Each structure stands twice: as structure tokens, then as C-alpha cells.
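Visitor: I am new to reading structures. Could you show me how to look at a ligand and its surroundings?

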Amino acid sequence: MPNQVYRVNFQYFFMKIIDIIRNSKKTIFSFELLPPLKGQKADKLYETIDELIEFQPKYINLTTHRDEIEYRPVENGLLEKKTVRKRPGTVAIAAAIQHKYGIPVVPHIVCGGFTRDETENMLIDLNFLGIKNVLALRGDGLSSEKHFVPEKGGHSHANELVEQIVHLREGKYLDPELKNKAELDFCIGVAGYPEKHAEASNPVTDMQYLKQKVDAGADYIVTQMFFDNQKYYDFVARCRAAGITVPIIPGIKPLALMNQVTMLPKIFSIDIPEEFASEVRKCKTNEEARQVGTEWAITQARDLIANNVPCLHIYTYGITDNTRQIARTIL
Ligand code: FAD
């Protein structure tokens, strides 16, 4: 649909996610996209959004991918170390989407690979471009490293990043001698893990660190994907018991490939319920697995909406047919 004309609805353009949630009487819908691979045009990304726009998502998240180190073979059997960023351009793409569709875009800001100065400059750029929302994350370590190693002059954990963004809200920049300091008023989301973050020693310390991010100024939490809603409900109950009062947005990932039944637990440190895993294992093709995954996600989504979650956030990974089927069924 390259020539489709959109009537940009500026009602939401400058809105903060927290205000959209507060002003909404029912569960809203949002989804998450990845920037295109380096060298690819934005067309595919726009096609993905075009396919989902009719379901009136209230906002769109855009992931950020840090530089990676690759070792490439050169002459004489030697290896050359190369720094590559596979999916550059989050700031520009976030602004382009927000301006094209009139929907707030939430770019992810990660600690890994960025100095505090680079982060500050990125936030200034985002503010100039009319972006009012960010998701503050630590990011994962490089695949070549065993653990997350902070950038020299960067942050070690997401709570420090939240603090930096909150300082900018108050007009406090890194350079104390800066004159005429504008306040950059961002709404801040952070990540939460119903099944515990992979590196956390136990759920109790993980919860303490989550509370630290909220106490630092985060406005809401978005969860890691989960396939058993009870894990989300228990997590919300534990958050409330710990004194966390901000909205907790469930993240849903429709399983799309047969091998994800083993890959997702490994990558994200989550469980897949046996009832679901055994259905996926019976599938002979990825198409069959995707249908089973979509139906599971629909059941999850229906139940979450019935329990009045503030927003249903779908991790699309650029796949739209399953997200469309879910949205058509539940919205
Ligand atoms: P933190 O909150 O810093 O937590 C990381 C670990 O350290 C946890 O085990 C926690 O318990 C512990 N911890 C937290 N604070 C402290 C502290 N002050 N001292 C000691 N320990 C502490 N990654 C990307 O690279 N790009 C993305 O776009 C991206 N988007 C995501 C979106 C969502 C909704 C989610 C859930 C994750 C996303 N991730 C992304 C992955 C995320 O970056 C990783 O899960 C990362 O390992 C942790 O990020 P965090 O912000 O939760 O880190």
C-alpha cells in the first residue's frame, strides 16, 4: 500500500504513554518493531505498520541495537576485528514513524555501548524531533563477553539511566556550566521480568532493583514476554506488595516458529507451559506452529483484557499476519 494516505491524528502525537493509559477506560493496544537491518530501506517497516494501523495502536515501541564485535577472515588465515551495528537509526526511524502516522513512538534507550554524553545527545535529538517517550534499558552484554560490561563513561544499570533522564526532566545536564537549560520532559518506561531476569540471584533482589528503577522516576513497567498469564498476575501482586504502584504492561509474543519452543526459554530465561509446548511439538511445519502460537496468544490476550490490564503490548518482530489475527479477534 505504498500510496496510501493517512489522516494523521495529532490527538496522541505529543502524548505521554502514562497519560494515554490514565485517560483510557479500556485496555489499549501497542506493538514493538525492530529498525531495518543496515542497508535495507524503511519500506518493509512501513508495510508492517500499514498492516497493523487499522487496529489503532496507541503507540509503537522501537528497539535499539548496540554495536557488536565481529571477527572476519582476512588473508593468511588471520581474523580482522570489526565493529558493526546491524540495525542503526533508532532515533531517525522513531521520528519518521511518529511524524508519518501521528502515533507516539517509544524508542528504546540502552546503557550498553553508549557513554552518558552520547545518551544525553540522543535524548536532546529525540526531544527536538517531538518524541516524548522512551524505554530505559540496560541492554544485554556483547555476544563476545560473558557478562554485561558497561561502556567507559556509561551506565552499569538501567536505574542510573532513569536517573539521567529524570535529571534532564529537571533541566540538569551533564555539564553544570551549561546556560539556558531546557527541561526535557520524557515519560520513562522500564523493563520487568515476571519470571526473574536471567542474571538476578533470586526474585527478591530482582524486585528490589525493579523498585529502584521506579523510585528513580520510571512511569510504568513493560514485562518480558511470558506464556503463562499466572506468572504475570503473580508478578503484579509481588510488585504491589513491594510498593510499586505504576502500571505494569504485559508483553505478549506470539510464537511463530517451531524451534522457538526451545529457543525462547534459552534466550529469555522463561518457561513455556507443557500444555502449549506439547501442542507445538506435534506441528510438522512452521505454518502449523505459527497457528498454534497465534491461538495461544489469543487465549492469553483475552484473559489479560478480561482482567483489565492497562495495555496489551505485542512483540511482533516484524511479523504481522499473527498480530493481525490476534488484533482482529480481541479488539
Ligand atoms: P537492569 O534493570 O539494569 O537489570 C539487569 C540485571 O541487573 C537484573 O538481573 C537486575 O536484577 C540487576 N540489577 C538491576 N539494577 C541493579 C543495580 N543497581 N545493581 C546491581 N544489580 C542490578 N535489549 C536491547 O539491547 N535493546 C532493546 O531494544 C531491548 N528492548 C527490551 C524491551 C523489553 C520490554 C524488555 C523486557 C527487554 C528489552 N531488552 C532490550 C533486553 C534488556 O536490555 C535485557 O533484558 C537486559 O539484560 C536487562 O535490561 P534491564 O533494563 O532490565 O536491566
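Guide: The residues of the shell around the ligand divide into 10 nonpolar, nine polar and five charged. Here Ala, Val, Leu, Ile, Met, Phe, Trp, Tyr, Cys and Pro count as nonpolar, Asp, Glu, Lys and Arg as charged, and the others, Gly among them, as polar. This is a predicted model, where local features need pLDDT of at least 70, side-chain atom pairs count only at pLDDT 80 or more, and totals for chains, interfaces and linings use all residues. Residues are numbered from 1 along each chain as its sequence is written, and side-chain values use heavy atoms, with hydrogens and water left out.

Visitor: Which residues are the closest to the ligand?

Guide: A residue is near a molecule if one of its heavy atoms lies within 4 Å of it. In this model 24 residues surround the ligand, and the closest are His108, Asp140, Tyr193, Asp206 and Lys213.

Visitor: Which helix or strand gives the most to the shell?

Guide: Helices (H or I, at least four residues) and strands (E, at least two) are DSSP runs, numbered from the N terminus. Helix H6 gives the most, with four residues; H6 spans 203–216.

Visitor: What lies 2.7 Å from an oxygen atom of the ligand?

Guide: Look for polar contacts, which are pairs of N or O atoms within 3.5 Å. At 2.7 Å from a ligand oxygen there is an N or O atom in the side chain of Asp206. Backbone N or O atoms also take part: one of Arg138 lies 2.8 Å from a ligand oxygen, and one of Ala200 lies 3.3 Å from a ligand oxygen.

Conventions
Polar contact = N/O pair within 3.5 Å; in protein donor to acceptor, adjacent residues only side chain to side chain.
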